[in-house]
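Visitor: Could you walk me through this structure and tell me what lies behind each label you use?
Guide: Gladly; let us look together.

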Amino acid sequence: SPCVTDLSGPVPQEAGPTMVGDEHSDPHLMSILGATKRSTLGNNFCEYYVNDAPRVVLDKLESLGYRVVSMTGVGQTLVWCLHRE
């Protein structure tokens, strides 16, 4: 079945950390990416992060069959949406 994930990172995109999922993301995929789940003080939800730069994460996801379907900027954050057939 189709699988959609999104990731975001700070501008400039040369450095991490990169947010790669929310608390409902596929734990197996998060493990492959080397992501750790954490919660920010004041939030009642968790997010998965990796220390890799977004370009490294995008390369890993591409090798797993994901393709970028959209990208946008939100304030100082870049957001990519990916899809896997």
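Guide: Two strands pair if DSSP finds at least two bridges between them, and strands (E, at least two residues) and helices (H or I, at least four) are DSSP runs numbered from the N terminus. This is a predicted model, in which local features need pLDDT of at least 70 and side-chain atom pairs pLDDT 80 or more, while totals for chains, interfaces and linings use all residues. Residues are numbered from 1 along each chain as its sequence is written, and side-chain values use heavy atoms, with hydrogens and water left out.

Visitor: How do you know that strand S3 and S4 pair?
Guide: S3 (residues 36-39) and S4 share 4 bridges in the antiparallel sense, and the rule asks for at least two. They form a hairpin with 6 residues between them, and Gly42 in the turn has a positive phi of about 100°. S2 also runs antiparallel to S4, again joined by 4 bridges.

Visitor: What makes S4 largely enclosed by the rest of the structure?
Guide: Buried means under 20% relative accessible area, exposed over 50%, and partly exposed in between (1.4 Å probe, protein chains only). In S4, 4 of the 5 residues are buried, so the strand is largely enclosed.

Visitor: Why is His24 called exposed?
Guide: His24 has a relative accessible area of 69%, which is over the 50% cut-off, so it counts as exposed. His24 is found in the loop between strand S2 (18-22) and H1.

Visitor: Why is the contact between Asp52 and Lys60 called a salt bridge?
Guide: The rule wants a side-chain nitrogen of Lys or Arg within 4 Å of a carboxyl oxygen of Asp or Glu. Here the closest N and O atoms are 2.8 Å apart, so the pair qualifies. The count by this rule comes to 1. Asp52, at 24%, is partly exposed, and so is Lys60, at 31%.

Visitor: What makes Arg38 lie over the face of Tyr49?
Guide: A charge sits over a ring if NZ of Lys or CZ of Arg is within 6 Å of the ring centre and within 35 degrees of the ring normal. Arg38 is at 3.8 Å from the ring centre of Tyr49 and lies over its face.

Visitor: Which residues touch the most other members of the largest nonpolar core?
Guide: Val20, Met30, Leu33 and Leu61 do, in a core of 14 residues. Helix H1 (27-33), strand S4 (46-50), helix H2 (54-63) and strand S6 (77-84) each supply at least two of its residues. Such a core is a set of buried Ala, Val, Leu, Ile, Met, Phe, Trp, Tyr and Cys residues joined through side-chain atoms within 4.5 Å.
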